[in-house]
Amino acid sequence: MARRKNVKRLINIGLSVIVVLMIVAAVTTYFWQMRLQKPDEVNMANMADMEGMTHMEHMASMVAADSGEGMVSCAAITAPESSGPTRKFDMTAARTTLKLDNGKTTDAWTFNGSSPGPELRVTEGDRVVVTLHNKDIEDGVTIHWHGIAVPCSQDGIAGVTQDAVLPGGQFTFTFIATTPGTYWYHSHQMSSIQASKGLLGAVIIEPKQQPESNPSITEATALYQQLGSTMLVNGSTNGLSVPGKPGEQVRLRLINAGNETMEFGVDGAPFRVMAMDGHDLHNPGLLDGTIVPVGAGQRYDLLIKVPESGQVVIKSPESSSIMIGSGIQPQHSEGGQLFSFVNYGTPLPNDSALHIEPDRRFELKLGQTLFTKSINGKSFHEIPPMDVKMGEHILITVSNEGGGDHPFHIHGHVFRVLSRDGVALQGSPVYLDTLLTKKGEIYELMLEANNPGLWMAHCHDLKHASMGMSMMMNYVGITTPYRVGTKSGNLPDL
């Protein structure tokens, strides 16, 4: 009997020790991973993975970096001179109490007193000059131009391309509006916090020459955001009403500036997906009863013809509806097939881009560790960067291994989607800056390294980025005078 009690006591002690060790291990891992979220100081331009280098190669790279030989600072890469018109904007970031149209008030951080901030509408070829002022955002603020290929120094990444603008300070962004399309902007200092507080807005770059074939097309922008716990479209809790006459065509620019995937259904009329992330699709076909998933950070332009009678209603379970036209609302149709760009539209004739051989290849596995989101099993600045050279073609394989939807965004560049799950795209070429990936999906992307700089590549569920799913794509020879970390106060992904 005594022996049995001793055995039982030893088992209990052993179990207690195991539990204690597990708790200690979990707490240790938690604090180890959280220190990655707030490092003391990190140079995001000097993150090369040294494991595969010899000691002499390592020393040579350090000498080159220290001497500055062959190096160019990101801060020195600015917009070229241009003969186009100059469009100037002033943006003031400030703490504001907003009164929503549902009667409630909410504390928000705003640009020029509103959230979303003002829509910046410019024309292709314009020289865009935006002066950012910070009234009272204590931790500082920046503006990142999501989807726009700006020069490195103008990308708005605290600790990489600039220091966060502190209260009373200002920073002037200058870039050329090169590619027409639908874009948006948001602060990239503590981005998951500041975007959800309201520091964001839309950018529309109109083509220099309007197409003559569709003079009757009108347009509307619908920017969806999560302001705290409230979902808004263009700052409204009550949805959006777009005027439209029977027979008129409306180009609806959908912007998902939240963190969750949104699924849109269109009732009352067929429609076309004209563009994704600001880039037109080739010969987009007519869709009816199709659900369009728009990932966080993505933009979809829909072309909808107003029917002879009744409204068109664009619904999403995540937010209020958009109504186009007037009259009786159509009956809502449940379900529907999910939109797929794999076989949508038609291929370009003699598409030489399909035959380009990559100069470098990278494989990115998006997943989750114990307390963080990860890329190839690592998080934040411990993820080795994708090091590239100007003029190279880069093949990137992105796979979603779990942890939710991961809309993967690469700064400063557009990439072409070549395949999904091993199946080559059969329809229109698809060029994106943000790719929605779901668990189990694998994509091949081709990117041309044509914009030298230091560029973030991260999940645009900004909560996932703040948990570690954020890395760099660095051009060899580009440096930065700025640092990420608590010492500088620059925390772009927090």
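**Exercise 1.** Classify Glu219 by its relative accessibility, then find how Arg121 and Glu219 meet.

Solution.
Step 1. Glu219 has 35% relative accessibility and counts as partly exposed. The classes are buried (under 20% relative accessible area), exposed (over 50%) and partly exposed in between, with a 1.4 Å probe and protein chains only.
Step 2. This is a predicted model, in which local features need pLDDT of at least 70 and side-chain atom pairs count only at pLDDT 80 or more, while totals for chains, interfaces and linings use all residues. Residues are numbered from 1 along each chain as its sequence is written, and side-chain values use heavy atoms, with hydrogens and water left out.
Step 3. Arg121, at 25% relative accessibility, is also partly exposed.
Step 4. A salt bridge, with N and O 2.7 Å apart, connects the side chains of Arg121 and Glu219. The term stands for a side-chain nitrogen of Lys or Arg within 4 Å of a carboxyl oxygen of Asp or Glu.
Step 5. Because Arg121 is in strand β4 (residues 120-123) and Glu219 in strand β10 (residues 217-227), the pair ties together parts that are 98 residues apart in sequence. Strands (E, at least two residues) and helices (H or I, at least four) are DSSP runs, numbered from the N terminus.

**Exercise 2.** Which residues are linked with Arg121 and Glu219 in a network of salt bridges? Describe the pair Asp301 and Arg253 as well.

Solution.
Step 1. The network holds Glu119, Arg121, Glu206, Glu219, Arg251, Arg253, Asp280 and Asp301.
Step 2. In the salt bridge of Asp301 with Arg253, the closest N and O atoms are 3.4 Å apart. Asp301 belongs to strand β18 (residues 299-305) and Arg253 to strand β13 (residues 249-256), so this pair ties together parts 48 residues apart in sequence.
Step 3. Asp301 and Arg253 are both buried.
Step 4. The count of salt bridges in the model comes to 13.

**Exercise 3.** Where in the chain do Lys438 and Asp405 lie?

Solution.
Step 1. The side chains of Lys438 and Asp405 form a salt bridge (2.8 Å, N to O).
Step 2. Lys438 is in the loop between β30 (434-437) and β31 (442-448), and Asp405 is in the loop between β25 (393-400) and β26 (406-410); the two residues are 33 residues apart.
Step 3. Lys438 is partly exposed at 27%, and Asp405 is partly exposed at 26%.

**Exercise 4.** Locate the disulfide and state its handedness.

Solution.
Step 1. A search of the whole structure gives 1 disulfide, a term for a pair of cysteine sulfur atoms within 2.5 Å.
Step 2. Cys74 and Cys152 are the residues joined, with S to S at 2.1 Å. The angle about the S-S bond is -105°, and the link is left-handed.
Step 3. Cys74 sits in the loop between β1 (72-73) and β2 (86-99), Cys152 in the loop between β6 (144-146) and β7 (170-176), 78 residues apart.
Step 4. Cys74 is buried at 0%, and Cys152 is buried at 0%.

**Exercise 5.** Give the strand order of the open sheet of 6 strands and name the strands at its edges.

Solution.
Step 1. The order is β12-β20-β19-β14-β17-β21, with mixed pairing. Two strands pair if DSSP finds at least two bridges between them.
Step 2. β12 (240-242) and β21 (337-338) are at the edges; each has a single partner strand, so one side of each lacks a neighbour in the sheet.
Step 3. Strands β19 (residues 312-316) and β20 (residues 319-324) pair in the antiparallel sense over 4 bridges.
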